[in-house]
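Here's a quick briefing to read alongside the picture. Have the sequence handy as you go.

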Amino acid sequence: MTEAERTSAGIALEELKGIRQRVRLRKPQRVALRSWSFAQLGEFIVYKAKWAGVPLAFVDPAYTSQTCAECGQVDKRNRVDQGLVICRGCGVVAHADRNASHEIAQRGESVWNAGRESRVPATP
C-alpha cells in the first residue's frame, strides 16, 4: 500500500471468488487453502486502499498462469512447471509467479485505461 501511495500507482488483484471450487490441490494444500479467508484478505486491502486513496481494480484471473506477460500469447504449454513459464511465441523465460503478477498488473491497467470504475464497494 505504501509503495502504491508513494508512486501514485494503483493496485490490481485477482478476483478470488470461487477459488476453492476452481482449484485442485493435494490434501495438505487443501487444508491450508480452506483455512485462509480470501474474502477477508480482500476486505482488508479494499479498506486500506480506500483509506490511502489508492485506486484498486479486481481482474479476471483466467489464464494468468498461461499468458506470456511480454507478448500476450496464451498457451497451456507456456507453463512448463509450477515455477517456470517459457513462452511458445516469443521465447521469454520467466518465473511463473512473476509473469502472472505482471499479467495481472497489465489487466488492472487496462481496466483503468478503459475508464471503468473501481469495483470497490462504497463505505457504509
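Let's start with A52, which is buried because its relative accessible area is 19%, where buried means under 20% relative accessible area, exposed over 50% and partly exposed in between (1.4 Å probe, protein chains only). Keep in mind that this is a predicted model, in which local features need pLDDT of at least 70, side-chain atom pairs count only at pLDDT 80 or more, and totals for chains, interfaces and linings use all residues. Residues are numbered from 1 along each chain as its sequence is written, and side-chain values use heavy atoms, with hydrogens and water left out.

**A52 and its surroundings**
- A52 sits in helix α4; helices (H or I, at least four residues) and strands (E, at least two) are DSSP runs, numbered from the N terminus.
- Skip the neighbours within four places in sequence, and A52 is in contact with M1 and E5, contact being heavy atoms within 4.5 Å.
- A52 and A4 are 48 residues apart in sequence, with 9.2 Å from C-alpha to C-alpha in space.

**Helix α4**
- Helix α4 covers residues 38-52, 15 residues in total, and its first and last C-alpha are 21 Å apart, close to the 21 Å expected at 1.5 Å a residue. That expected span is 1.5 Å times one less than the number of residues in the helix.
- Which residues of α4 are buried? They are F38, G42, V46, A49 and A52.
- Looking down the axis of α4, these buried residues fall within an arc of 140°, so they line one face of the helix. The arc is taken from the directions from the helix axis to the C-beta atoms.
- A handy rule: an α-helix has 3.6 residues a turn, so residues three or four places apart point the same way.
- On the face of α4 turned away from the buried side, you'll find the exposed residues E43, Y47 and W51.
- Just after α4 comes G53, with a positive phi of about 70°.

**The largest nonpolar core**
- This core has 9 residues: A4, I11, L13, V46, A49, A52, V54, L56 and F58. A nonpolar core is a set of buried Ala, Val, Leu, Ile, Met, Phe, Trp, Tyr and Cys residues joined through side-chain atoms within 4.5 Å.
- At least two residues of this core come from each of β1 (11-14), α4 and β2 (56-59).
- Helix α4 gives the largest share of this core, 3 residues.

**Strands β1 and β2**
- β1 and β2 run parallel and are joined by 4 bridges; two strands pair if DSSP finds at least two bridges between them.
- A12 has A57 in β2 as its bridge partner.

- How many salt bridges does a search of the whole structure find? The search finds 2, a salt bridge being a side-chain nitrogen of Lys or Arg within 4 Å of a carboxyl oxygen of Asp or Glu.
- One joins the side chains of R77 and D75 (2.9 Å, N to O), and D75 counts as buried because its relative accessibility is 13%.
- Another joins the side chains of E103 and R107 (3.0 Å, N to O).
- E103 and R107 are both in helix α5 (residues 96-113), 4 residues apart, about one turn of the helix.
- N99 is also found in helix α5, and N99 counts as buried because its relative accessibility is 4%.
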